[in-house]
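Reader: I'd like to learn how to read contacts, salt bridges and pockets from a set of coordinates. Could you walk me through an example?

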Amino acid sequence: MATEDDDRPRKKITHEIGQDLSLLSVEELTERVLLLKTEIARLEEAATKKRASRDAADNFFKK
């Protein structure tokens with residue numbers, strides 16, 4: 001039997017660095033770990049792209 005909450009949009013998972021984790025379930029902790037790992041990969045990819053752009057500009061202006 002479906003409940004009224006099934007039709008509501010799910011609240012977007014967010015995580016605040018340093019927040020109290022004692023009130024979160026194992027499932028919630030697992031979701032947050034996945035969220036943070038995905039964000040780390042996104043940050044590393046952005047840093048790699050910026051590094052490549054910077055290196056290309058350095059090489060262009062050194063010649």
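Reader: Which residues does Leu35 touch, not counting residues up to four places away in sequence?

Author: Happy to start there. This is a predicted model, where local features need pLDDT of at least 70 and side-chain atom pairs count only at pLDDT 80 or more, while totals for chains, interfaces and linings use all residues. Residues are numbered from 1 along each chain as its sequence is written, and side-chain values use heavy atoms, with hydrogens and water left out. Contact means heavy atoms within 4.5 Å. With residues up to four places away in sequence left aside, Leu35 touches Ile13, Thr14 and His15. The C-alpha atoms of Leu35 and Ile13 are separated by 8.0 Å, and the two residues are 22 apart along the chain.

Reader: Where does Leu35 lie, and is Leu35 buried or partly exposed?

Author: Leu35 lies in helix H1; helices (H or I, at least four residues) are DSSP runs, numbered from the N terminus. Relative accessible area under 20% is buried, over 50% is exposed, and in between is partly exposed (1.4 Å probe, protein chains only). At 33%, Leu35 is partly exposed.

Reader: How many salt bridges does the count come to?

Author: The rule asks for a side-chain nitrogen of Lys or Arg within 4 Å of a carboxyl oxygen of Asp or Glu. The count comes to three. In one of them, Glu39 pairs with Arg42, with the closest N and O atoms 2.7 Å apart. Lys49 pairs with Glu45 at 3.3 Å, and Asp55 with Arg54 at 3.9 Å.

Reader: Why are Glu39 and Arg42 separated by about one helical turn?

Author: Because they are three residues apart in helix H1 (residues 26–62). Lys49 and Glu45 are four residues apart in helix H1, so about one helical turn separates them too. Arg42 is exposed at 53%, whereas Glu39 is partly exposed at 31%. Likewise, Lys49 is exposed at 52%, and Glu45 is partly exposed at 45%.

Reader: Which residues line the largest pocket?

Author: Rolling a probe the size of a water molecule over the atoms shows where empty space is left. On a 1 Å grid over the protein atoms alone, a pocket is an open set of points where a 1.4 Å probe fits, with protein on both sides within 12 Å along at least five of seven lines; lining residues have an atom within 4 Å of a point. Here the lining is Arg10, Lys11, Lys12, Ile13, Thr14, Gln19, Glu28, Glu31 and Arg32. Ile13 and Thr14 are also among the residues that Leu35 touches.

Technical notes:
Helices (H or I, at least four residues) and strands (E, at least two) are DSSP runs, numbered from the N terminus.
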